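Good morning, and thank you for coming. Please keep the structure in view while I go through its parts in turn.

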Number of protein chains: 2
Amino acid sequence: MITVHLKKLRRRIEISSDEERAIRDSVAEVRHVRADQLLIRSGEELNSSLLLLEGWLARSKDLPGGERQVTELHVAGDFADLHGFTLKRLDHDVTTLSDCRIAVVPHERIREITEKFPRLGRIYWFSTNMDAAIQRELSLSLGQRSAISRMAHLFCELYVRLDVVGRTSNEGYEFPLTQRELSECLGLTVVHANRTLQELRRRGLIDLENRRLRIRDRRGLEGVAEFDPGYLYLEKQQL
Amino acid sequence: MITVHLKKLRRRIEISSDEERAIRDSVAEVRHVRADQLLIRSGEELNSSLLLLEGWLARSKDLPGGERQVTELHVAGDFADLHGFTLKRLDHDVTTLSDCRIAVVPHERIREITEKFPRLGRIYWFSTNMDAAIQRELSLSLGQRSAISRMAHLFCELYVRLDVVGRTSNEGYEFPLTQRELSECLGLTVVHANRTLQELRRRGLIDLENRRLRIRDRRGLEGVAEFDPGYLYLEKQQL
DNA sequence: TCTGGCCTGTAACCTAGGTTAACCGCAAAA
DNA sequence: TTTTGCGGTTAACCTAGGTTACAGGCCAGA
């Protein structure tokens, strides 16, 4: 049930059976949550972290005027707010983008397992550092890439991340975001996100319908994205 | 000599004298480096982390076409690549923006102190999570704020961060970046960074000359930035 | 069955910021 | 002392992406 998370970890790191047990035992509860729910509000005090088992989440930040930026998307296997373990409150919101299954991991259990298994502590630290790497790549996109390159890049990244946890099939994946939500990931308006999507379709790179993304030409898509998966740290790590 | 780092830590967390000693002992060497040097190249294997004692560093990422985005600035007291302890290679470069004094902390020592002092482990983890929070705020800036608001925001953030380590004086601070480098932080062209700077000057909010930033109207500057320092986690933490 | 709201799609128009190309001042190098 | 090159500045012009507005399809709820 928490298997998808172990799958993500094991893609990068060896996990012993003791460690696996500790991870499995850390889950206090599994919750089912509908789409479009605010799970964590920026600033509220936290004493547990959320491990996404199924569905999509977003971390987002708002400006006083209402403009919203999604700073990271989360898919099955991701911890949405493991950084909350040390920060104790977040500087962003966490919302569901689809119906979700979510494991709740109390901070005291994270604390126990990191003290008992220092290596697991490093693994979780590594995991928040990987999140930061994904965010850095987003900054590069927002600051320097064109709209079409940015969108292509996001689709490439998600393909790799979903593939790691077995959520891709015949060159595509379920993509439950509306165009408004997609535009909030990319720092674009909905209108321009729509134009950009059209352009990717027109070039025969992707199709997006019925909440499913089909990648018709992955090389081509990676080309316009200038995609280099180095920042996803897919190789085996020594921790 | 490493005091500035302890100052930054102690602004947020209690550090015992044992912990302080462990931190001080972790430094293997102190290096002096000139401005505009590439300290760490993206992808190269790391076995130590760099603690900035004096001067300015930038983390930056480049596109194949040469466009550069600075994803974070570092000032005295900051670890530039503590995340390298778990990642073992970076997904970005680290360069000096001014002459710098830098302490080198071998990863094996970080490993020892985190195993011997689990609380220090959490403190360092916290510290990389704070970096990530700063990066998220940058994504919000790049994605949603106007050029002038973005630049004002950066100046406000740096004021707070420098103030923590006692690097501000009469409402200003040394700011060694060229306009080109500033523009790379903000996702703007040099020309537009210059225009934006003029506009902030014209509105009587700042002055920037001889590598020194003078904030003439902090409230006003925070206003155009819509600055809220929550993401800097300035309050005392329990770890 | 109707209705209202959200999502997608388009068109017309606008503007923030990019591009290109100068010029000036100054400091380091020759 | 001249030269060279970098940083800052400005102007003219351009374009990627924003804004506003509207229409059609779909679906959940009345």
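I begin with the surface near DNA strand D, where H8(B) holds the largest share, five residues. Before going further, please note that this is a predicted model, in which local features need pLDDT of at least 70 and side-chain atom pairs count only at pLDDT 80 or more, while totals for chains, interfaces and linings use all residues. Residues are numbered from 1 along each chain as its sequence is written, and chains are lettered from A and ligands numbered from 1 in the order in which they are written.

Helices (H or I, at least four residues) and strands (E, at least two) are DSSP runs, numbered from the N terminus. At least two residues each of the surface near DNA strand D are supplied by helix H8 (190-202) of chain A and by helices H7 (179-186) and H8 (190-202) of chain B. A residue counts as near if its C-beta atom, placed from the backbone, lies within 6 Å of the molecule or strand. There are 14 residues around DNA strand D, and those that come nearest are A:Ala147, A:Val191, A:His192, B:Thr178 and B:Gln179.

Next, helix H1 of chain B, residues 3-12. Which of its residues are buried? They are B:Val4, B:His5, B:Lys8 and B:Leu9, where buried means that 20 or more other C-beta atoms, placed from the backbone, lie within 10 Å of the residue's own. They lie on the same side of H1(B), because they cover an arc of only 140° around the axis; the arc is that of the directions from the helix axis to the C-beta atoms. The buried residues pack against strand E3 (48-54), helix H5 (118-144) and helix H6 (147-164) of chain B.

Let us turn to chain A. Its strands E1, E7 and E3 form an open sheet in the order E1-E7-E3, with antiparallel pairing; two strands pair if DSSP finds at least two bridges between them. E1 (29-33) and E3 (48-54) are the edge strands, each pairing on one side only. E3(A) is joined to E7(A), residues 100-106, by six bridges, and A:Glu54 stands opposite A:Arg101 in E7(A).

Finally, the contact between the chains takes 40 residues from chain A and 40 residues from chain B. Two residues are in contact if their C-beta atoms, placed from the backbone, lie within 7 Å. On the side of chain A that touches chain B, H5(A) gives the most, with 18 residues.

Definitions and conventions
A residue is buried if 20 or more other C-beta atoms lie within 10 Å of its own, exposed if 12 or fewer, and partly exposed in between; C-beta atoms are placed from the backbone.
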